Amino acid sequence: MDRRDFMKMTGGTILAVSSGTYAFQFLVASGRSVSGDNIAAGTVRWGMVIDLNKCIEGCTACLDACRTENNVAFHGDNRWDVHWIRKVKAEQKIGTESKEKSILLLCNHCDKPPCAQVCPVQATYKRNDGIVIVDHHRCIGCRYCMIACPYNARYFNMKDSEHWQNEERPKRSHGVAEACTLCAHRLDTGRQPACVEACNNTGAGVLFVGNLNDSDSEVSQLIADRPTKRLREELGTEPKVHYIGL
Amino acid sequence: MEIIFEKLEGKSLAYRMAMLVFAAFAVGGLISTWIVIEKGICVTGMTNRVPWGLQIVMAIYYIGLSAGSLVISGLYGVFGKQEYKPFARIAVWIAMLFLIAGMLSILTDQGRMDRVFVEPFVHFNLQSMFSINPILYSGHIFICVVYLWALFTERKRFTTIIATIAFGWAFCVHSGTGAIFGFGARVLYESPLLPVSFVTAAMASGTALMILLIVGLFKITKRYLDDRLILWLGQFLAVCILVVVYFLFIENAYRAYVVELRPAAMYYLFEGLHSILFWVGLILIGCVIPMFILFRKKTGQTIKWIVFASSLVVFGVICERYVIVLPGLTHPQEILTGMHITQSAIQEGVANYTISLAEIAQALGVFGVIGFLFLWGMKFFKLMPTEAVIYDQIGMIKRNEYQKRREAKSIKSSE
């Protein structure tokens with residue numbers, strides 16, 4: 001074989017491999033179907049309203065429900081614990097007085113999610129219904145999304161979790177990033193997210209999830225009637241979690 | 001004058017010992033990586049607040065060394081400086097290896113290493129800097145292979161072409177790496193200047209490393225090396241450091257000047273371990289002392305001092321990489337504007353990060369693999385020139401003197 005033949009063969013192989021790769025990618029992409037993806041863009045856009053004024057001091061119903069429902073990893077070490085939703089106490093200075101508030105923090109399911117933008121494998125993506133979700137089977141664990149998220153809402157499974165209360169949901173294995181899914185599996189079957197359900201059961205009624213594109217929905221009504229705020233709005237990420245009383 | 005390249009014999013005790021040490025490092029790295037795969041990233045110093053650590057620091061450091069050493073080969077390939085031809089092959093070889101080192105560091109840092117070889121290539125995301133960079137990296141390795149081939153087969157015209165491409169590509173590679181941080185959302189990352197300052201720091205560290213490598217190799221293998229070649233590199237290194245300092249000054253002055261960024265600037269410059277690394281490691285050891293040595297006439301013209309300054313720069317740039325990656329993460333993000341979080345289930349405020357043994361073992365492991373490959377290559381490829389001479393009057397006189405001295409020495413020792 002002379003050099004010319006060798007070059008031809010090498011070129012041919014490279015071409016064949018790369019075209020094969022893209023054909024494969026096309027097949028995988030077209031075969032992909034998460035129920036939320038099938039919703040025509042614009043019909044449903046899930047959003048959340050949190051009425052902090054009603055949130056009960058010391059209550060952890062939503063946190064516990066989330067952990068149980070989604071088998072969220074808990075190791076008892078604040079370096080590795082995963083919190084899809086967490087409650088913080090924050091101090092705000094108004095004049096000379098300082099006021100303390102309990103605030104629930106979770107993934108904001110941004111309309112322009114920086115985490116999805118930076119994901120090198122499109123494992124984090126926004127569904128047509130606006131939920132930002134991680135594909136656990138695709139994530140390579142680079143943690144670039146955690147760097148990009150301005151809300152510290154993303155967590156990494158630093159170690160395997162033994163916690164597996166809800167066997168209908170996957171057990172959490174180490175090596176992938178994750179965040180609140182807004183209980184997409186529940187919303188897809190017409191149920192409310194676990195945190196919302198638990199909160200309603202306590203009678204507090206802090207959390208509301210609904211369709212932001214429907215002006216008659218409870219969340220749209222609340223946003224229209226009450227003064228609401230979103231976190232770090234100036235960043236332009238368009239978060240879909242609205243706070244009352246922040 | 002034709003330059004003859006040859007393989008190293010690779011039978012000396014020093015060679016074998018070095019191979020053994022590198023292999024031991026590599027094994028240590030492998031064991032540590034296996035533990036990380038088994039147990040998860042919890043064995044490292046990284047946490048949910050500080051998701052990147054030493055491996056990322058080392059990755060961008062290695063990539064910098066790669067881009068920098070390619071510049072040295074470019075002296076011959078692009079700018080046609082014949083006197084630097086003896087170093088061209090080694091420079092490209094080391095450039096290729098250090099890029100592989102960078103990729104190995106990134107690979108061993110991933111949560112799911114098994115997916116890295118497929119997913120990034122089949123689910124490409126053009127909007128992500130992390131997606132664009134692998135193309136630049138693999139392209140860089142491919143170009144280095146072609147470049148080496150051109151050098152081995154002595155194709156002059158083709159060498160110039162591929163060297164020019166490689167030179168430009170190295171700039172893109174390093175700007176791209178800088179952009180991973182510079183285009184990021186963190187206060188201490190975000191800076192359009194970062195890709196540019198990345199390139200200059202890369203050039204400084206790459207040049208310093210090449211000086212160490214060339215002087216070391218020629219000394220150990222007892223080959224003639226014209227001092228003036230290194231003296232010029234020393235001056236080039238000094239200028240590179242000056243540019244690095246200039247960029248560092250602009251970047252920090254900007255942050256300290258803008259009211260909104262001032263708290264972050266104060267944190268960066270004066271709080272915690274990274275500020276010590278910044279002032280002592282980077283500014284004093286990595287910049288001020290080497291510049292003083294290199295710009296001073298007496299020391300700047302002495303090989304020993306240049307080698308000393310180069311080793312300081314090689315260390316200083318590791319610090320530079322550390323103070324790029326870590327402070328940006330340990331510095332708290334402002335989630336709730338105007339509020340202060342007093343109680344939380346995760347670490348709020350300034351987060352801490354301590355380098356763990358596992359990460360050190362991994363970093364040394366990558367270094368071991370590359371060191372091993374480097375020495376192996378020196379034995380199996382014709383990379384090492386028989387001598388490095390400037391073919392002018394002074395150069396020839398100096399070389400002849402050197403040869404006479406060596407002959408006299410060998411006669412003496414045989415007697």
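Predicted model: local features only at pLDDT ≥ 70, side-chain atom pairs only at ≥ 80, totals over all residues.
## Domains of chain A

Chain A splits into two parts. Domain 1 spans 1-31, and domain 2 spans 35-244. The C-alpha centres of these two domains of chain A are 42 Å apart.

## The four-stranded sheet

Chain A has an open sheet of four strands. Their order is 8-1-10-9, with mixed pairing. Strand 8 (207-211) and strand 9 (228-229) of chain A are the edge strands. Each has a single partner strand, so one side of each has no neighbour in the sheet.

Strand 1 (residues 46-51) of chain A runs parallel to strand 10 (residues 241-244) of chain A, and four bridges join them. Here Met48(A) sits opposite Val241(A) of strand 10. With strand 8 of chain A, strand 1 of chain A pairs in the antiparallel sense, over five bridges. In that pairing, Trp46(A) has Asn211(A) of strand 8 as its bridge partner.

## Strand 1 and its cover

Strand 1 of chain A is largely enclosed by the rest of the structure, because six of its six residues are buried. In a regular strand, side chains alternate between the two faces of the sheet. Both faces of strand 1 of chain A are covered. Trp46(A), Met48(A) and Ile50(A) are buried on one side. Gly47(A), Val49(A) and Asp51(A) are buried on the other.

Helix 7 (residues 218-225) of chain A lies across strand 1, strand 8, strand 9 and strand 10 of chain A. The helix runs at about 110° to strand 8 of chain A.

## Asn70 in helix 2

Asn70(A) belongs to helix 2 (residues 61-70) of chain A. Its relative accessibility is 1%, so Asn70(A) counts as buried; the cut-off is under 20%.

Which residues does Asn70(A) contact, leaving aside neighbours within four places in sequence? They are Trp84(A), Arg169(A), Pro170(A), Arg172(A), Cys183(A) and His185(A).

## The contact between chains A and B

The contact involves 54 residues from chain A and 55 residues from chain B. Interface size is often given as the accessible area lost when the parts come together. Chain A and chain B bury about 4,900 Å² between them. Carbon and sulfur atoms account for 54% of that area. Arg143(A), Tyr144(A) and Ile147(A) supply 14% of the area that chain A buries against chain B, more than any other three residues.

Two salt bridges are counted between chain A and chain B. Arg143(A) forms a salt bridge with Asp109(B), and their closest N and O atoms are 2.8 Å apart.

Terms used
Residues numbered from 1 in each chain as written. Chains lettered and ligands numbered in written order. Heavy atoms only, no water. Helix = DSSP H or I, 4+ residues; strand = E, 2+ residues; numbered from the N terminus. Buried < 20%, exposed > 50% of the residue type's maximum accessible area, 1.4 Å probe, protein only. Contact = heavy atoms within 4.5 Å. Domains from an automatic or database assignment. Pairing = 2+ DSSP bridges. Axes fitted to C-alpha atoms, helices over the stretch in contact; angles between N-to-C directions. Buried area = accessible area lost by both parts, 1.4 Å probe. Salt bridge = Lys/Arg side-chain N within 4 Å of Asp/Glu carboxyl O.
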